[in-house]
Amino acid sequence: MSMTGVAANANPDPTPTEQASEQALADFIAAGRKPVANSGSAGTGSACTSGSGAGSGNGSGNCYGGSGSSSGLSGGYASDTKGYGPPMTSWLAAFGYGLLNPDAAPPGTNEWNCKPTAAHPRPVVAVHGTWMNAYNGFAYMSQPMKDAGFCVFTFNYGRSNIAQGGGLGSVLPGVMGTGYIQDSAKQLATFVDRVLAATGAPEVDIVAHSQGGSMANWYTKFEGGADKVKNLVTWVIGGGGSL
């Protein structure tokens, strides 16, 4: 005599609730593959102090050129660089200099009168990684990019404290990129808009290290960056070799 039936390890049919959850996840993934218009509006609210309006434009205070900082949501704020640090070929030396000089710009960057050329029609926005800053993330790479004829711009994003989710590392003055990626992406959106306005270019290229790449991806998917970024170059190098 033989008997047949459902195998003991067979997966049961999904319930209507499970099917709905799976469809919701599929819809979310599909939405992430399409450019989403920014919910912020240029010049409305304060792009330096709130989430509204921080996605595009500089709001009422031109936070980068005026106050020098731009708040995100709960994940900290972004800030302009001040002055320049020396070129570096050693990662440890650059990281140490960045800790002591957290607002320094890497060489060859943030020359706001720089205009793209026919050979290099798009400005480059350099985005640092987690626990890094604009200086030590690009202390070697930025000057060669400038010498090659590119207009190069960078800033410090995700400047947060422990209460804002930055972790213990955020207590060090030069440790940035510790805020929530969603908030940092809004800060990147504001900075890219400023670069486009200053240079007159329709698009930028982004060169991003580590978390900067993930954050820039969020920007292109959810913060209107898909229409403003031509090339997104990301990399991660182990062993501290981010230069």
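A contact here means heavy atoms within 4.5 Å. Helices (H or I, at least four residues) and strands (E, at least two) are DSSP runs, numbered from the N terminus.

This is a predicted model, so to speak: local features need pLDDT of at least 70, side-chain atom pairs count only at pLDDT 80 or more, and totals for chains, interfaces and linings use all residues. Residues are numbered from 1 along each chain as its sequence is written, and side-chain values use heavy atoms, with hydrogens and water left out.

On confidence, pLDDT is the predictor's own score for each residue, from 0 to 100. The protein's mean pLDDT is 77, with 65% of residues at 70 or more.

| Stretch | pLDDT | Contacts in the model |
|---|---|---|
| residues 32-73 | below 50 | 92, beyond near neighbours in sequence |
| residues 239-243 | under 50 | 18, beyond four places in sequence |

Now for the helix pair. In H5 (residues 181-199), Ile181, Leu188 and Val192 are among the residues that meet H6, where the partners include Met215, Trp218 and Tyr219. The H5-H6 contact has nine nonpolar, four polar and no charged residues (Ala, Val, Leu, Ile, Met, Phe, Trp, Tyr, Cys and Pro count as nonpolar, Asp, Glu, Lys and Arg as charged, the others, Gly among them, as polar). H5 and H6 (residues 211-222) pack at about 75°, axes 8 Å apart, which makes them roughly perpendicular (65 to 115 degrees).

There is one disulfide, meaning cysteine sulfur atoms within 2.5 Å: Cys114 and Cys151, at 2.0 Å.

Notes:
Axes fitted to C-alpha atoms, helices over the stretch in contact; angles between N-to-C directions. Parallel < 35°, antiparallel > 145°, perpendicular 65-115°, else oblique.
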